[in-house]
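Colleague: I am new to this one. Could you walk me through it?
Modeller: Gladly, let's take a look together.

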Amino acid sequence: ATGARFKSEWTDDPLTSVKFDTTVLEGQVALITMSRPKNRNAWTEIMRNEVSRCVDKASKMSKVRVIILTGDPEGKAFCAGADLSPASPLNPNSMEGDVPTGRPANLAYWRDGGGQAALSIVRSTKPVIAAVNGAAVGVGMTLPLACDMTVAAEDAKVGFVFGKRGLTMECLSSYFLERCVGHKVAMELV
């Protein structure tokens with residue numbers, strides 16, 4: 001099998017769900033665009049790998065001064081949350097296709113993809129700015145919490161929908177949300 005999701009380390013495979021541009025302001029800005037416009041930039045495990053890879057790469061580039069994370073405007077959303085398509089090895093959001101060859105799938109050891117991407121943002125050596133340019137739901141709302149700064153469009157809609165779906169918050173958001181808005185407001189949002 002080929003592709004970034006079958007490797008044990010970052011590769012130079014072409015990006016399939018993220019655009020990475022370091023030509024902005026003469027290379028001083030690394031622009032990472034989540035780009036699955038047909039799916040409203042819905043989050044997948046491939047996207048997790050690619051966002052983490054791009055953040056790590058930009059952190060190592062001496063000319064880059066800041067990283068901006070945004071959604072593809074054609075998707076009309078920053079990120080519509082996790083892609084909830086049925087599980088299968090071909091589904092870009094399925095754990096089944098994200099397990100290294102020879103290792104059995106074991107949900108007990110699986111980390112949430114948003115949490116892994118958030119950790120790459122937290123360990124970045126450059127400031128990371130989330131430019132929320134549309135709807136941000138689920139991981140689309142929790143991922144910006146790990147960023148150093150978030151700027152949202154006036155018409156951006158946000159939502160913490162985990163409780164409505166019977167899920168716990170992911171992406172380290174139960175930690176970051178309270179730090180960003182305080183305990184009382186965080187309890188109202190979730």
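**The core and the sheet**

Modeller: A quick word first: this is a predicted model. Its largest nonpolar core has 34 residues, and those touching the most other members are Met34, Trp43, Val51, Ile67, Leu69 and Ile121.

Colleague: Which element gives the most to this core?
Modeller: Several elements supply at least two residues each, among them β2 (29-34), β3 (66-71), α2 (113-122) and α4 (173-181). α1 (45-59) is also on that list. With five residues, the top contributor is α1.

Colleague: In what order do the five strands of the open sheet run?
Modeller: Start from the edges, β1 (18-24) and β7 (149-152), each of which pairs on one side only. The pairing in this sheet is mixed. Neighbouring strands are turned against each other by 20 degrees on average, ignoring direction. Read across, the order is β1-β2-β3-β5-β7.

Colleague: Which strands does α1 touch as it packs on the sheet?
Modeller: The direction of α1 makes about 20 degrees with that of β1. The strands in contact with α1 are β1, β2 and β3.

Colleague: Is the pairing of β3 and β5 parallel or antiparallel?
Modeller: One place to look is Ile67, whose bridge partner in β5 is Val128. β3 and β5 pair over four bridges, and the sense is parallel.

Colleague: Which residues does Leu69 contact, leaving aside neighbours within four places in sequence?
Modeller: Leu69 is one of the core residues that touch the most other members. Beyond those close neighbours, its contacts are Ile32, Met34, Val51, Phe78, Ile121, Ile129, Ala130, Ala131 and Leu143.

Methods: Residues are numbered from 1 along each chain as its sequence is written. This is a predicted model: local features need pLDDT of at least 70, side-chain atom pairs count only at pLDDT 80 or more; totals for chains, interfaces and linings use all residues. Side-chain values use heavy atoms; hydrogens and water are left out. A nonpolar core is a set of buried Ala, Val, Leu, Ile, Met, Phe, Trp, Tyr and Cys residues joined through side-chain atoms within 4.5 Å. Buried means under 20% relative accessible area, exposed over 50%, partly exposed in between (1.4 Å probe, protein chains only). Contact means heavy atoms within 4.5 Å. Two strands pair if DSSP finds at least two bridges between them. Axes are lines fitted to C-alpha atoms, for helices over the stretch in contact, and angles run from 0 to 180 degrees between N-to-C directions.
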